[in-house]
Amino acid sequence: MDMLVLALPSLIVWGMTYPGYIQADHQNTIADIASGSPSEWHSLLWGYLAFPFIYMTRSFGVYGLVQIGIFTVAVMYSLCKMKELGFYGRKGYRIALLCFALCPTYVLYNLLYSSDVVFAILLLPLTVQIVEVMTTVGKSFERFSFCLGFGLLLYCEYELRKNAVLIAIVVITVLFLYL
């Protein structure tokens, strides 16, 4: 039910503004992939994720559902994990859920199809995982599922923005010094 509360405002606005907006330079990424000459000027990870939804459907707006799904899963994971870690109770969880669901910035960004938006969305669960590492003093790294998720998020962030390698360098350095 909470996922529906989170996704519904974005879905309503998506329906009102269908098909949404694809960032102009990201159109080139999709065109390059379609022509068989992909370029790493923009994220190929995003390009290959978005390609079937943007290029192989009647409307690039179908990809909007994918991006809303990524937003919903990333925010739900983050809110649930922060509640599990004891940062807030049920009431705080509900307030945070409504803030993410109803904040115009998030709703409108879900309609701008680009690797930059997905990059920004994935920073939330990555940040929450860093908080988990700090609050458990590294014990979360004992779980394979955590290591896999953490590594995948770091990799995705790097692939979505090449200068995000700085995130990985800083995170690994700080964790090494802290733990």
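A: Happy to. The protein carries 10 positive and 10 negative side chains, and the centres of these two sets are 13 Å apart. Please keep in mind throughout that this is a predicted model. The accessible surface of the protein amounts to about 9,800 Å², and carbon and sulfur atoms account for 71% of that area.

Nine helices and two strands make up the elements of the protein, and their order from the N terminus is α-β-α-α-α-α-α-β-α-α-α. The radius of gyration of the protein is 17 Å, close to the 16 Å from the globule rule for 179 residues, so the protein is as compact as a globular protein of that length. Along the principal axes, the C-alpha trace spans about 50 × 35 × 25 Å. Of the 179 residues, 40% are buried. If you take the contacts between residues at least 6 apart in sequence, 69% of them join residues at least 24 apart.

With that in place, here are the rings. The count of aromatic pairs comes to ten. One of them is Phe141 with Phe150, an edge-to-face pair with 5.5 Å from centre to centre and 80 degrees between the planes. Phe150 also pairs with Phe146: the ring centres are 5.7 Å apart and the planes meet at 15 degrees, so this pair is stacked. The cut-off behind that word is an angle under 30 degrees, while over 60 counts as edge-to-face. Phe150 therefore takes part in an edge-to-face pair and in a stacked one.

Phe146 and Phe150 are four residues apart in helix H8 (residues 144-160), so about one helical turn separates them. Phe141, the edge-to-face partner of Phe150, has 29% relative accessibility and counts as partly exposed.

Val137 sits in the loop between helix H7 (115-135) and H8. Phi of Val137 is near 50 degrees, which is positive although the residue is not a glycine. Most residues other than glycine have a negative phi. The relative accessibility of Val137 is 56%, so Val137 counts as exposed.

Next comes a cluster of rings. Trp46, Phe60, Tyr63 and Tyr113 are linked into a cluster by ring pairs. Trp14 belongs to helix H1, and at 16% relative accessibility it counts as buried. To see how the chain comes back to Trp14, take Val62: Trp14 and Val62 are 48 residues apart in sequence, yet their C-alpha atoms are 9.9 Å apart.

Pro19 lies in the loop between helix H1 (2-17) and strand E1 (21-22). The peptide bond from Tyr18 to Pro19 is cis, with omega near 15 degrees. Most peptide bonds are trans.

Helix H4 (residues 62-84) holds Thr72. With 4% relative accessibility, Thr72 counts as buried. Beyond its neighbours within four places in sequence, Thr72 is in contact with Met3, Leu6 and Ala7.

Tyr48 is part of helix H3 (residues 44-54) and is partly exposed, with a relative accessible area of 45%. Not counting residues up to four places away in sequence, Tyr48 touches Ile33 and Pro38. Tyr48 and Ile33 are 15 residues apart along the chain, and 7.6 Å separates their C-alpha atoms.

Pro104, in helix H6 (residues 104-109), counts as exposed at 54% relative accessibility. From Pro104 to Trp46, a member of the ring cluster, the C-alpha distance is 24 Å across 58 residues of sequence.

Methods. Residues are numbered from 1 along each chain as its sequence is written. This is a predicted model: local features need pLDDT of at least 70, side-chain atom pairs count only at pLDDT 80 or more; totals for chains, interfaces and linings use all residues. Side-chain values use heavy atoms; hydrogens and water are left out. The radius of gyration is taken over C-alpha atoms; the globule rule is 2.2 Å times the number of residues to the power 0.38. Buried means under 20% relative accessible area, exposed over 50%, partly exposed in between (1.4 Å probe, protein chains only). Contact means heavy atoms within 4.5 Å. Accessible areas come from the Shrake-Rupley method with a 1.4 Å probe; for residues, only the protein chains shown count as cover. Lys and Arg count as positive and Asp and Glu as negative; His and the chain ends are not counted. The place of a charge is taken as NZ of Lys, CZ of Arg, CG of Asp or CD of Glu. Rings of Phe, Tyr and Trp (its six-membered ring) pair if their centres lie within 6.5 Å; planes under 30 degrees apart count as stacked, over 60 as edge-to-face and the rest as tilted.
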